[in-house]
Amino acid sequence: MKALAFLGPGKKALEERPKPTIAAPTDAIVQVTRTTICGTDLHILKGDVPSCTPGRILGHEGVGVVDSVGTAVTSFKPGNTVLISCISSCGKCVYCRKLMYSHCTTGGWILGNKIDGTQAEFVRIPHADTSLYPVPAGADEEALVMLSDILPTGFECGVLNGKVTPGSSVAIVGAGPIGLAALLTAQFYAPSALIVIDLDDNRLEVAKRFGATATINSADGQALQRVMELTAHLGVDTAIEAVGVPATFELCEAIVAPGGVIANVGVHGAPVALHLERLWDRNVTITTRLVDTASTPDLLKIVRSRRIDPKLLITHRFKFDKILDAYETFGRAADTKALKVIIEA
């Protein structure tokens with residue numbers, strides 16, 4: 001089969017690889033029909049994720065058709081169309097019983113990280129019964145790819161961890177796909193202000209269309225001042241960091257109001273200063289999280305009811321044999337105006 005392999009920092013290639021086989025009774029082999037590229041894949045290519053070693057097939061998102069199942073799989077059979085969760089969970093370990101599936105002792109974020117992932121024609125899914133979701137008949141598969149990772153990530157790590165409430169004020173630092181997913185799902189809770197901050201005017205225009213009440217281009221270094229002007233110099237109740245670089249986290253530290261929450265979503269590959277000299281007396285909560293996908297069943301129902309349309313995040317489409325072009329497009333998002341790319345078999 002064809003697969004996109006990570007070959008070391010800054011290196012990747014479309015290669016011929018053996019089709020995966022059942023390795024445990026709880027496995028399923030899925031023929032991938034649609035996948036995508038995540039910002040985390042770019043972090044891997046930069047060398048920010050040491051757990052992902054050269055030779056790994058990348059990708060942790062997708063929709064596909066079950067090709068074969070292990071003897072212990074009871075919920076799926078060959079021919080079923082399924083949504084692949086970015087998190088594999090056994091459903092039984094101490095962390096899974098706390099709904100912290102991302103820390104499953106035999107799973108978690110392993111696809112495209114510790115085991116081969118979804119940017120291939122076939123993928124092996126461990127713990128298939130609790131790591132796949134049936135795709136309802138007539139569902140839009142492109143929209144559902146957004147439920148593999150970015151929609152639950154924005155919702156769980158940003159909105160839920162950030163304790164967004166009706167009437168609260170929210171700033172989302174970073175208008176990439178994850179930040180926009182947080183923007184879409186924050187509106188479930190009717191905040192009074194949804195401020196989106198980014199360096200890219202195109203993404204800020206998208207944020208306005210998606211429901212932002214205000215947008216700020218931070219290129220001039222005046223983002224803190226603008227947020228304070230918009231919040232009567234109080235700061236925001238929730239600051240969602242959706243980039244993963246020191247400057248954006250430090251901006252969140254500066255704009256959060258007393259009693260507020262900084263919800264980190266970004267993948268950080270470098271140390272960040274924690275300014276306790278400013279925060280020690282401000283009753284601020286800082287949260288970190290890797291998506292658990294515990295919200296995926298509810299988000300599936302919300303998408304099916306058309307309360308939100310995650311397909312709005314898709315800007316480019318490629319066939320699988322053009323996946324290197326897809327990476328080039330996604331990696332130059334400022335020039336190409338890419339948000340999410342769909343890669344189709």
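## Terms and model

Buried means under 20% relative accessible area, exposed means over 50%, and partly exposed lies in between (1.4 Å probe, protein chains only). This is a predicted model: local features need pLDDT of at least 70, side-chain atom pairs count only at pLDDT 80 or more, and totals for chains, interfaces and linings use all residues. Residues are numbered from 1 along each chain as its sequence is written, and side-chain values use heavy atoms, with hydrogens and water left out.

## Salt bridges

Side chains of opposite charge can pair when their charged atoms come close. A salt bridge is a side-chain nitrogen of Lys or Arg within 4 Å of a carboxyl oxygen of Asp or Glu. By this rule the model has 21 salt bridges.

## Two pairs

Asp48 and Lys46 form one of them, at 3.7 Å from N to O. Asp48 is partly exposed at 22%. Lys46 is exposed at 57%.

Glu229 pairs with Arg226 at 3.2 Å, N to O. Both sit in helix α7 (residues 223–230), 3 residues apart, so about one helical turn separates them. Helices are DSSP runs (H or I, at least four residues), and strands are too (E, at least two), numbered from the N terminus. Glu229 is partly exposed at 42%, and Arg226 is partly exposed at 33%.

## A link between strands

Lys319 bridges to Glu344, with the closest N and O atoms 4.0 Å apart. Lys319 lies in strand β14 (residues 314–319) and Glu344 in strand β15 (residues 340–344), so the pair ties together parts 25 residues apart in sequence. Lys319 is partly exposed at 45%. Glu344 is partly exposed at 26%. Shared partners join Arg34, Glu141, Lys319 and Glu344 into one network of salt bridges.
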